[in-house]
Amino acid sequence: TGYRLRAAIKRWESDRTTTVKRLERNLFKFPGDEPGEDPLVTAQQVNAAEHAIACLQTALQSYNAMVLVSMDGNEVTLSYAIKSLVGAGRIEAIYRRALTTEPDTDYRGRRELTRREGEERAVLAIAEPALQTAYRTARKRAEAIRAAIAVANTTDIGIQKFDMLEPAFFD
């Protein structure tokens, strides 16, 4: 159900983007041009896409709150796992950048970490082996959360459970 909702949201967002572009193009024309698409009709199509997206996102939020996953030995909602992944992924990325940054650049790949030209360079605040261990731990935690989210998104609780959804949203 989760993947189905997410796929429908992506389709509607793509449709909305192209419909908004059509609306913007059709609001103006040069005198003597053939009449194009009616901008008021196109605006209604944008509103229909916005409605579908809002309903699908609301259903997805409900789904994420209903489905439980195992994370760190506890049962938590899928919503909690998704939010936790943000922080876990952030720590993983920071450690990875620190381990893969060239010695003469900072953690963002910019110029040397020195206070002034000719002064000493900054070094890792913890020993590299400890940083590698911390990185592996952070990576494993983020991978475990990603795996739990992937499994949870396959949980079928039935689209009919969400009364705000219309069959046309999935066409």
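How far apart along helix α4 are R139 and E143? Keep that in mind as you explore these close-ups of a predicted model.

**View 1. R139 and E143 pair up within helix α4.** These two residues are separated by about one helical turn, because they sit 4 residues apart in the helix. Their side chains form a salt bridge, with the closest N and O atoms 3.6 Å apart. R139 is partly exposed, at a relative accessible area of 24%, and E143 is also partly exposed, at 41%.

**View 2. E37 and R22 form a salt bridge.** Here the closest N and O atoms are 2.6 Å apart. This pair links distant parts of the chain: E37 lies in the loop between α1 (2–26) and α2 (39–66), while R22 belongs to helix α1, 15 residues apart. E37 has a relative accessible area of 32% and counts as partly exposed. R22 is partly exposed too, with 23%.

**View 3. R141 meets D72 in a salt bridge.** The N to O distance is 2.9 Å. Look for R141 in helix α4 (residues 128–152) and for D72 in the loop between β1 (68–71) and β2 (74–77); the two are 69 residues apart and link distant parts of the chain. Is D72 buried or exposed? At 53% relative accessibility, D72 is exposed, because the cut-off for that label is over 50%.

View 4. How many salt bridges does the structure hold? The count is 6.

Terms used
Residues are numbered from 1 along each chain as its sequence is written. This is a predicted model: local features need pLDDT of at least 70, side-chain atom pairs count only at pLDDT 80 or more; totals for chains, interfaces and linings use all residues. Side-chain values use heavy atoms; hydrogens and water are left out. A salt bridge is a side-chain nitrogen of Lys or Arg within 4 Å of a carboxyl oxygen of Asp or Glu. Buried means under 20% relative accessible area, exposed over 50%, partly exposed in between (1.4 Å probe, protein chains only).
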